[in-house]
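Biologist: Please take a close look at one part of this model, the ligand site. Walk me through the contacts first, then the surroundings.

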Amino acid sequence: MTSSVTAPARDRLRIAIQKSGRLADPARSLLASCGLSWRESRDRLFCFGETLPVDLLLVRDDDIPGLIADGVCDLGVVGRNVLTETGLARGASGGAPVFREWRSLGFGQCRLAVAVPDSWQWTGAEQLSGKRIATSYPGLLRQWLEAQGVDAEIVLLSGSVEIAPRLGQADAICDLVSSGATLAANQLKPVETILESEAVLAGPIAEFDPVRAGLAELLMRRLEGALRVRKSKLLMFQANRDALPRVMPLLPDAETPTVMRLDEGDSLALQALCHGAVTWQRLEELKRAGARGLMVLPIEGMLA
Ligand code: ATP
Ligand code: ZN
């Protein structure tokens, strides 16, 4: 396989996202929060971009790296687990690297972990020596086993990996975990993390032609803003001037607040852009320190 990104010049950008599944809705809403909108086609495989020349292709997540490699799509939203595994598989069959992670997107968090039966007393990776490990991620597992210097047999399964030990197909597994509930239900426990994953924007290693490069740059800038906004809140409250030394250190990762003097007495109105989580506990602490009328507002947009 030696496909490369040499698609004919296009004046529109095409982004592949998952059609349905865990990453489908969050990917779409993140792109929508960058000001993109689409006219949906009847079969909903292709969505034509309206506000910007940025179209969507709705596909299975596993196909996304290959579509970028073949130049069918310019960018894609896919789990780091899938992107890395596909890259390793292409490398193993002699393909040069053609795609890479452009940036992480802050959703779809999970980890690829080795899990063993609850009954095992875990002492370390060498315990897997000579064992059979079921996984859908042979490339990542092989790489990790080699790094650990462990020789184990990889049993490739495309789904339902977690029941393999009970069926006698394998001794241990290597699979995606988020809460761990599925593992627990199968009397397994995670013992080693192989990869920390989340959804990422994937793109080619090679440069785009100028038109698509411009669109991709615009999108990256808007993504930056959209992702920052997601985590940020505007905190508004009042406090007396003498309470400020106690209140200010409690503001969660805030930029310098705007302070406005109110007509009566010593009372001040403050607003602070907070980049950290504004929890109930933090609000209660602020109140105890002398803040009144606390209000937390979501932020629609931000352009620094
Ligand atoms: P498709 O039909 O597109 O092939 P799928 O069944 O492979 O769908 P999903 O189960 O929707 O895919 O998972 C998509 C991605 O979501 C995973 O590759 C992973 O990056 C991420 N993810 C987050 N949490 C989990 C989890 N607990 N289990 C599996 N994937 C998770
Ligand atoms: Zn898939």
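Modeller: Start with the backbone: a polar backbone atom of Arg22 lies 2.8 Å from an oxygen atom of ligand 1. That is a polar contact, a pair of N or O atoms within 3.5 Å. This is a predicted model, where local features need pLDDT of at least 70, side-chain atom pairs count only at pLDDT 80 or more, and totals for chains, interfaces and linings use all residues. Residues are numbered from 1 along each chain as its sequence is written, chains are lettered from A and ligands numbered from 1 in the order in which they are written, and side-chain values use heavy atoms, with hydrogens and water left out.

Next, the side chains. Arg60 places a side-chain N or O atom 2.8 Å from an oxygen atom of ligand 1. Ser178 has a polar side-chain atom 2.7 Å from a nitrogen atom of ligand 1. On its own, ligand 1 has 630 Å² of accessible area, and the protein covers 75% of that (Shrake-Rupley method, 1.4 Å probe).

Now the shell. Ligand 1 is surrounded by 16 residues (a heavy atom within 4 Å). Arg22, Arg60, Asp62, Asn81 and Ser178 are the closest. By class, the shell holds 8 polar, 4 nonpolar and 4 charged residues. Here Asp, Glu, Lys and Arg count as charged, Ala, Val, Leu, Ile, Met, Phe, Trp, Tyr, Cys and Pro as nonpolar, and the others, Gly among them, as polar.

Last, the domains. Domain 1 (13-108 + 199-229) and domain 2 (110-196) each give the shell at least three residues. The bounds come from an automatic or database domain assignment. The C-alpha centres of domain 1 and domain 2 are 29 Å apart. Their contact takes 7 residues from domain 1 and 9 residues from domain 2 (heavy atoms within 4.5 Å).

Note on methods
Polar contact = N/O pair within 3.5 Å; in protein donor to acceptor, adjacent residues only side chain to side chain.
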